[in-house]
Amino acid sequence: MIAYEKLKLARQNGRPTGSAYLDELFTNRLDLCGDRRYGEDAAIIGGIGYLGDMPVTYIAIDKGTDLDSRLKKNFGCPKPEGYRKALRLMKQAEKFNRPVICFVDTLGAYPGAEAEERGQGQAIAENIMEMMGLKTPVISVVIGEGGSGGALALCASDRVYMLENAVYSVITPEGCATILWKDAKRVADAAECLHITAEDMVEYHVAERVIPEDFTHFKRMCADLKKVLLSDLAVITQNSISGMLENRYERFRRIGIYEEAAGKYGNP
Amino acid sequence: MFLFKKTDPGVRELLKTAKDGVVVCGHCKEEIDRKELIRNYYICPKCQKYLRIPARDRITLIADRDSFSEMAANVTSVDFLKFPGYEEKLNKARMSTGEKEAVVCGVCKIDGISVAIFAMDPRFIMASMGSAVGEKITRIFEHATRYHLPVIGFTASGGARMQEGIVSLMQMAKVSGAVKRHSNGGNLYVTVLTDPTTGGVTASFAMQGDILLAEPKALIGFAGRRVVEQTTKSTLPDNFQSAEFLLEHGFIDQIIPREDLRDTIVNILKLHSRKGETL
């Protein structure tokens with residue numbers, strides 16, 4: 001039951017949320033609000049700050065730490081305006097040649113009536129498509145839950161890191177269990193079937209790195225994460241913009257396991 | 001004065017191979033003559049419900065006669081996660097539909113204009129998107145980018161195919177990358193949203209067209225209706241997530257009745273080429 005244990009850890013109260021990483025990693029922070037279309041979504045914090053001595057754009061899904069903030073942030077389930085704000089800030093980063101760092105922690109995009117009215121599917125679709133052509137480096141870190149399309153909307157990136165106990169899934173294990181066995185309580189079985197752990201993500205080429213967790217020494221953990229981010233950004237920016245986009249395209253292009261005629265294609 | 005519209009060439013093609021007999025409308029449960037149903041574009045003549053159309057028939061209905069050439073026909077799914085029930089589901093879908101996968105794609109001509117085309121088949125595991133569907137649609141976009149062809153896509157899907165885990169989610173990004181390149185090349189992409197277009201397909205290539213058309217009353221949304229009801233703890237209006245609802249909220253361009261679809265697409269294709277220019 002490794003997957004289920006990890007799922008519980010990824011969702012555990014007291015686990016650092018998006019804003020904790022922003023506090024540790026970035027200096028001279030300037031939070032920026034609103035999608036300029038409809039509203040402001042507190043579930044996603046975005047802005048500009050220094051990573052070391054490099055100005056970067058940060059975008060973090062934040063679940064909140066107490067009941068008040070969790071309600072305000074909709075328990076980290078973004079609405080379309082949150083995704084549209086994220087895209088606005090990514091486009092801004094592209095204009096000023098700033099790399100983008102995303103922190104992902106969500107059960108999924110908010111499945112409410114008003115989110116549907118305002119085009120939740122369209123907002124996610126646009127983010128993914130625009131990220132695939134964004135002319136600046138993007139690294140995404142799944143710090144807790146990577147819930148389906150709501151996570152992918154911030155993960156069409158050059159690199160994806162998984163925290164050691166973070167999970168990333170096409171559907172919530174509860175949703176999967178309901179469909180498969182008409183029993184939402186078989187979460188543990190569903191989690192196992194879906195292959196949602198950090199190691200699974202590396203195996204299926206969805207993530208490049210697994211980041212060790214040490215929340216008792218959170219400062220040190222973030223200092224190490226900063227070093228990794230800076231060194232990967234240095235590698236990505238060595239390439240030309242067109243080379244970087246080619247690599248990003250290929251990163252997703254090669255994901256898929258299928259058969260064709262006689263042989264098996266795809267990886268692993 | 002003509003009392004009946006001249007039979008569509010696509011309908012004539014379908015009638016050639018259609019077997020005699022009756023089918024039961026899934027909506028009003030009335031028995032319908034199969035040929036009459038086809039003559040009526042798969043719209044139930046009794047209750048006017050838009051019944052779902054098999055992918056290959058979709059293409060026949062819109063393509064010029066004998067112009068369709070299938071691509072990536074042998075790309076099929078593999079149960080690589082050994083997911084409970086997936087192998088059986090695949091076998092059942094293949095047997096009942098005669099298709100290898102949930103999408104049919106290729107190139108064809110529409111009123112003499114060359115296009116790339118894909119049609120998803122809701123009879124095949126609700127046209128959910130796994131590696132094979134993602135691969136096939138990606139290839140059709142790559143082909144269309146290389147040869148500067150417009151893409152006409154008929155979407156219908158329950159979303160990403162959970163039986164392929166995270167790999168199915170990644171197909172959304174893979175296809176989106178190919179759509180982006182096609183778009184950057186100045187090429188046209190028209191999506192026709194058909195019943196039902198939901199989940200990860202809505203949240204990727206279904207919504208990425210330059211022009212978004214939908215069929216009357218088609219269900220189009222991201223989250224499932226029951227999930228939304230549980231979240232909001234209220235009952236939703238009947239038209240929630242219908243094509244009409246999306247039109248009202250500004251997310252699609254037009255709702256097109258089936259009998260007018262071919263003419264509309266021909267007009268869109270012509271409007272995207274110079275007058276008099278042969279494509």
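**View 1. Chain B as a whole.** Of the 279 residues of chain B, 58% count as buried, where buried means under 20% relative accessible area, exposed means over 50%, and partly exposed lies in between (1.4 Å probe, protein chains only). This is a predicted model, so local features need pLDDT of at least 70, side-chain atom pairs count only at pLDDT 80 or more, and totals for chains, interfaces and linings use all residues. Residues are numbered from 1 along each chain as its sequence is written, chains are lettered from A and ligands numbered from 1 in the order written, and side-chain values use heavy atoms, leaving out hydrogens and water. Chain B has 10 helices and 10 strands; these are DSSP runs numbered from the N terminus, with helices being H or I of at least four residues and strands E of at least two. The radius of gyration of chain B is 19 Å, close to the 19 Å that the globule rule gives for 279 residues, so chain B is as compact as a globular protein of that length. That radius is taken over C-alpha atoms, and the rule is 2.2 Å times the number of residues to the power 0.38. The C-alpha trace of chain B spans about 55 × 45 × 40 Å along its principal axes.

**View 2. Chain A as a whole.** Here you'll find 12 helices and 10 strands. Buried residues make up 60% of the 268 residues in chain A. A compact globule with 268 residues would have a radius of gyration near 18 Å, and the 18 Å of chain A agrees. Along its principal axes, the C-alpha trace of chain A spans about 50 × 50 × 40 Å.

**View 3. A salt bridge between two helices of chain A.** The side chains of A:K219 and A:E24 meet in a salt bridge, at 3.3 Å from N to O. The term means a side-chain nitrogen of Lys or Arg within 4 Å of a carboxyl oxygen of Asp or Glu. A:K219 sits in helix 11 (residues 218-238) and A:E24 in helix 2 (residues 18-25) of chain A, so the pair ties together parts that are 195 residues apart in sequence. A:K219 is exposed at 60% relative accessible area, while A:E24 is partly exposed at 28%.

**View 4. A buried pair in two loops of chain A.** A:D62 and A:K73 form a salt bridge through their side chains (3.2 Å, N to O). A:D62 belongs to the loop between strand 3 (54-61) and helix 3 (67-72), and A:K73 to the loop between helix 3 and helix 4 (80-95), so the pair ties together parts 11 residues apart in sequence. Both ends are buried: A:D62 has a relative accessible area of 2%, and A:K73 has 12%.

**View 5. Where the two chains join.** The side chains of B:E135 and A:R253 meet in a salt bridge of 2.9 Å, N to O. B:E135 lies in helix 5 (residues 131-146) of chain B and A:R253 in helix 12 (residues 241-253) of chain A, so the pair joins two chains. B:E135 is buried at 3% relative accessible area, and A:R253 counts as buried at 14%. Salt bridges that share partners link A:R253, A:E260, B:E135, B:R139, B:E142 and B:K174 into one network. Over all chains, a search of the whole structure finds 42 salt bridges.
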